[in-house]
Amino acid sequence: MRTPPARVFAVPALMLLAAAVACGAEPTVQSLAGAAPEVSGKAINLGPEQNRIRAEKVAAIAAKVPKDIAADGRLTVGFNGEGTPPLVFPATDDTTVIGVETDIAQLVADVLGLELAPENTSWENLFLAAKSGKYEAVFNNVTVTEERKDIYDFATYRIDQLAWQVAASSPIKKIAEPADIAGLRVSVGAGTNQEKVLLDWDRQNKAAGRKPAEILYYEKYGDVLLALKSGRVQAYFGPNPTLAYNIAVSGDSRLVGTLSGAGPDLQGLIAAMTKKDNGLVGPLQEALATVIKNGKYAQVLDRWGLANEAIPKSEINPPGLPRQTP
């Protein structure tokens with residue numbers, strides 16, 4: 001999954017949201033005027049000093065890290081931190097990258113006995129840098145797909161849930177299947193797995209003789225929100241945690257449907273991504289399994305209000321979003 005770049009921290013007087021998702025209820029996000037947002041009654045720390053939850057080194061796992069990766073004592077991790085709370089976004093210093101993804105990467109680096117070395121870049125460059133080996137891992141809400149598995153290895157750590165967002169005044173009540181978007185002006189992030197799902201829905205509509213959707217692309221999530229408000233776009237398809245967060249703190253839109261990031265027949269999974277066959281995916285998976293077992297993982301998800309996206313175990317290269325038919 002790609003998370004659309006934006007930094008949206010509009011904070012009204014008091015706004016509550018409990019967005020239902022297929023895997024359970026989305027945590028309530030509360031915001032007070034002039035105060036940091038709250039998730040499940042806990043204030044979100046937006047500052048650069050995160051006081052992250054940390055884990056202990058596990059020597060047996062650290063010893064399995066390939067020597068060329070471990071040599072400098074650092075785990076270089078790529079993030080696209082342009083602004084998608086609570087996943088990856090800039091702190092109040094506008095430089096430090098924070099969010100659930102950075103916290104999970106920190107836990108993994110700790111178990112491997114390595115210093116976390118974060119690198120902030122564009123969504124597209126995450127894949128190029130991982131492929132070249134410049135980034136040893138990527139923790140950025142990346143969905144496992146069959147096509148990506150040709151080039152990268154994956155170790156899973158969260159479920160992948162997508163959502164449909166519409167303006168608060170929209171007459172649209174539900175989007176649950178391809179027919180629901182026939183003839184609509186919809187937006188999605190380019191190069192994302194949700195784009196693939198959307199294009200597949202559009203192909204199904206055309207094959208059934210329904211009107212095609214008009215698909216509009218915006219570089220920034222803030223532009224999407226403006227397009228929704230003005231009516232240029234009738235619905236946006238993106239990652240559920242970010243959409244639910246934005247709705248909670250702005251109150252001028254709502255969710256009308258959710259879908260697994262791997263389509264209707266498979267639960268999508270978010271994973272750490274690394275260059276294929278570089279020997280790192282095993283230690284990544286073992287580190288994730290360790291923090292899942294010792295409870296550190298659950299503490300991080302709870303901190304960001306994403307406990308409902310927990311997985312019981314980490315897997316290497318599980319079935320992902322199917323290859324798209326022409």
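About 13,100 Å² of accessible surface belongs to the chain in this predicted model, and carbon and sulfur atoms account for 53% of that area. Turning from the surface to the interior, 55% of the 326 residues are buried. The fold is built from nine helices and 17 strands. If you take the contacts between residues at least 6 apart in sequence, 76% of them join residues at least 24 apart.

Now to the aromatic rings. A pair of such rings is described by how far apart the centres are and by the angle between the planes. The structure holds nine aromatic pairs. Take tryptophan 123 and phenylalanine 127 as one of them: the ring centres are 5.1 Å apart and the planes meet at 70 degrees, which is over the 60 degrees needed, so this pair counts as edge-to-face. Both residues sit in helix α4, which spans residues 123-132, and their spacing of four residues is about one turn of the helix. Tryptophan 123 and phenylalanine 127 are both buried.

Where does phenylalanine 127 lead us from here? Its ring also pairs with that of tyrosine 152, again edge-to-face, with 5.9 Å from centre to centre and 70 degrees between the planes. This pair links distant parts of the chain, since phenylalanine 127 belongs to helix α4 while tyrosine 152 lies in strand β12 (residues 152-167), 25 residues apart. Like phenylalanine 127, tyrosine 152 is buried.

Notes
Residues numbered from 1 in each chain as written. Predicted model: local features only at pLDDT ≥ 70, side-chain atom pairs only at ≥ 80, totals over all residues. Heavy atoms only, no water. Helix = DSSP H or I, 4+ residues; strand = E, 2+ residues; numbered from the N terminus. Buried < 20%, exposed > 50% of the residue type's maximum accessible area, 1.4 Å probe, protein only. Contact = heavy atoms within 4.5 Å. Areas by Shrake-Rupley, 256 points an atom, 1.4 Å probe, with all protein chains shown as cover. Phe/Tyr/Trp six-rings, centres within 6.5 Å; stacked < 30°, edge-to-face > 60°.
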